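Trainee: I'm new to this one. Can you walk me through the pockets, the charged pairs and the surface?
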Amino acid sequence: MNLGFYPRLALMGMTKNKQLYLPYILTCIGMVMMNYILRYLQHVDAITHMKGGNMVQEMLSLGEWVIVFFSAIFLFYTNSFLMRRRKKEFGLYNILGMDKKNLAKIVLWETIFIAIISVATGLTGGILFSKLAELGAIHLIGGEITYALSVSREGIISTCVSFGIIFVLLFLNTIRQLHFSTALRLLKSEMEGEKPPKANGILGILGAILLGAAYVIALTIKNPMTALIWFFAAVLLVIAGTYLIMLTTSVLVCRLLQKNKAFYYKAKHFVSLSSMVYRIRRNGAGLASICILATMVLVMISSTASLYIGEEDVLQRRYPRDISIQMKFDDAKDYENENISVLKREIDDMVAAFGVNLENTVDFRPAYIAGRLTEDEVECDPARAEGFMEGLHQFIFLPLEQYNQMTGKQERLKDGEALLYCSEETYENETLSFLRGESYVIKKNLDGKFLDGVSQSDIVPTMVLIVSDVPAAIEPLTYEDGETMGTYQWEYSFDTSLSAEGQIQLAEKLYEHFSDEGQNYNGHFSDCSVDSREEKRSNFLGTFGGLLYLGIILSIVFLLAAVLIIYYKQISEGYEDQARFKIMQKVGMTKKEIRQSINAQILTIFFLPLLLATLHLAFAFPMIRKLLLLFQMNNLPLFISITVVSISIFALFYAVVYKITSNVYYHIVSGTTKR
């Protein structure tokens with residue numbers, strides 16, 4: 001045989017099966033493009049040199065690895081559809097005299113052609129669209145746009161290596177399948193059905209238990225840090241539970257419908273339902289895969305879009321004033337009024353030198369400590385408490401004198417009494433005791449209005465205690481080595497009439513004045529930070545814009561995967577059902593009834609993934625909200641609205657895809673399209 005024989009056979013096989021290979025190659029091209037674009041954006045100067053650019057690049061790097069990993073899994077999955085359709089052809093070659101080595105050569109050339117077309121076209125498309133992707137990313141993260149076109153050498157090399165490895169593994173997997181198959185088995189591969197399935201109650205119960213466990217985790221976790229720890233465990237439980245539930249539910253639904261004679265013995269239901277029963281295991285696995293991909297898309301888009309659209313709300317919540325100054329003190333004596341008055345006077349003088357007056361000032365002098373709350377006792381030492389993160393709370397001690405100044409009230413406290421505000425659940429106990437520290441009788445629960453304008457973190461539940469003597473509350477709480485656990489802090493924030501640039505310059509001057517490097521002041525504080533809301537705006541845009549951009553890119557990849565799974569399900573099942581519908585047409589079934597049968601099949605079972613994905617999202621909603629609190633996103637109405645819109649748009653997209661692919665299925669089974 002000449003050298004061109006095997007390449008010609010490979011090309012001929014791909015051409016004859018273009019209905020199968022074209023979507024597969026287009027998907028490979030799309031994934032190569034996405035991978036190159038993410039790699040390219042990691043080295044774009046406009047992103048590298050902008051504020052918050054490092055965070056964006058780290059997220060893009062993570063996204064690149066996610067795409068490579070997912071591409072490998074997904075291409076293995078879809079390659080199985082191709083092999084199922086080609087095995088009969090390979091079996092025929094085997095009978096005509098080709099051994100497994102000859103078949104391996106054909107597969108090798110097919111893999112080479114697909115790899116070259118996918119990588120070359122994908123890189124070309126990636127290079128052509130990289131600038132458009134760059135402009136979109138910079139627009140989202142608020143960077144400075146440039147119009148110079150460049151090519152990423154690192155992106156080309158990385159993409160070629162990653163997908164080269166994937167195609168080599170695909171080739172080896174195909175050879176493995178051919179090696180363990182006989183010529184007869186290859187010829188009959190298309191006719192291999194499944195044994196009549198039974199609704200396995202044990203698997204169904206196990207799937208329900210796994211899903212139930214995931215839902216319980218999502219609904220019961222209150223602490224955002226704990227939610228972050230348990231999130232991936234919940235995801236694994238949902239994936240396993242979905243596959244088991246979808247498989248057993250599909251069997252159960254089909255069996256119940258078959259027992260319903262009024263439903264089953266109708267032309268539009270009989271063939272489609274019989275076909276689904278015939279391949280129920282593959283149906284269950286395919287529908288579960290679609291459900292998982294749909295859930296991923298909905299979670300990513302709803303969460304990242306909420307962060308991006310609610311960026312200003314988060315920024316205002318985190319930095320309610322133009323300038324915020326925080327000074328920490330190691331010693332209680334430096335926390336006294338005299339020292340803080342000196343610091344405040346210096347700040348006021350520097351602001352006056354800028355020619356502006358302070359507005360909406362907030363003078364707040366808290367002490368912070370973290371601890372695990374169990375009923376009415378608090379353990380502040382992680383070494384002395386197992387599962388410290390489970391009941392983790394942040395405790396803020398505020399002097400009674402300052403509380404009265406902030407609110408205009410005249411509250412009085414006896415020794416051992418405290419006023420209490422809780423950011424989340426209401427504290428029902430009458431006392432609150434700190435182990436090895438003070439114990440307080442809760443005189444009154446407050447509504448928290450006195451904290452308006454003060455930057456508060458909702459990462460963990462917060463409890464604010466108004467006490468008469470803050471140092472007395474903090475000093476007994478020490479580690480085993482005697483080091484104080486708590487932190488004394490003075491927070492001073494204010495608005496100005498300065499422009500955005502002026503606010504940034506003032507914040508920089510203040511920091512230079514009080515920082516260790518500035519050498520302008522030797523005050524009694526251990527650390528100082530000065531935040532400008534305008535300066536932080538670019539960081540927020542970079543973080544949230546980068547997350548949204550990454551969410552869009554990954555959602556596109558997952559949507560491509562879902563569409564291809566749906567398409568291949570319709571194609572492969574169409575060819576399997578072709579003979580059945582041909583027989584039914586000979587005994588009087590019309591094309592209208594074929595169309596009705598297809599629609600009935602879609603309405604019967606193919607919308608289960610969308611319904612289950614929506615259910616997953618509904619139960620995951622509380623946990624996702626807790627994760628968003630890590631970014632201080634607490635705008636619940638916005639999150640609900642975006643989630644509902646995301647589900648609606650995805651449902652419309654899902655319906656359109658199934659309508660288009662069902663037309664392909666119809667043309668195959670009705671005989672209007674030749675194989």
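Mentor: Pocket first, as a term: on a 1 Å grid over the protein atoms alone, a pocket is an open set of points with protein on both sides within 12 Å along at least five of seven lines, and lining residues have an atom within 4 Å of a point. A cavity is a set of points where a 1.4 Å probe fits but cannot get out. This is a predicted model, where local features need pLDDT of at least 70, side-chain atom pairs count only at pLDDT 80 or more, and totals for chains, interfaces and linings use all residues. Residues are numbered from 1 along each chain as its sequence is written, and side-chain values use heavy atoms, with hydrogens and water left out.

Trainee: Which residues lie nearest the centre of the largest pocket?
Mentor: Phe231, Phe232, Val235, Val299 and Met300, out of 49 lining residues. The elements giving two or more residues to that lining are α4 (53–95), α8 (201–220), α9 (224–259), α12 (280–309), α18 (533–586) and α20 (608–629). Helices here are DSSP runs (H or I, at least four residues), strands are runs of E (at least two), and both are numbered from the N terminus.

Trainee: What volume does the largest pocket have?
Mentor: About 1800 Å³. A volume is the space filled by probe spheres set on the grid points, which are joined across faces, edges and corners.

Trainee: How many residues of its lining are nonpolar, polar and charged?
Mentor: The lining of the largest pocket has 41 nonpolar, 7 polar and 1 charged. Nonpolar covers Ala, Val, Leu, Ile, Met, Phe, Trp, Tyr, Cys and Pro; charged covers Asp, Glu, Lys and Arg; the others, Gly among them, are polar.

Trainee: New topic. How many salt bridges are there?
Mentor: A search of the whole structure finds 7. A salt bridge is a side-chain nitrogen of Lys or Arg within 4 Å of a carboxyl oxygen of Asp or Glu. One joins Arg436 and Glu379, at 2.4 Å from N to O.

Trainee: Where do Arg436 and Glu379 lie?
Mentor: Arg436 is in the loop between β7 (431–434) and β8 (439–445), and Glu379 is in strand β4 (residues 377–379), so the pair ties together parts 57 residues apart in sequence.

Trainee: Is Glu379 buried or exposed?
Mentor: Buried, at 8% relative accessibility. Arg436 is partly exposed, at 44%. Buried means under 20% relative accessible area, exposed over 50%, and partly exposed in between (1.4 Å probe, protein chains only).

Trainee: What does Lys444 pair with?
Mentor: Glu411, with the closest N and O atoms 2.7 Å apart. Lys444 is partly exposed at 34%, while Glu411 is buried at 13%.

Trainee: Which residues form a network of salt bridges?
Mentor: Glu312, Glu534 and Arg537 are linked that way.
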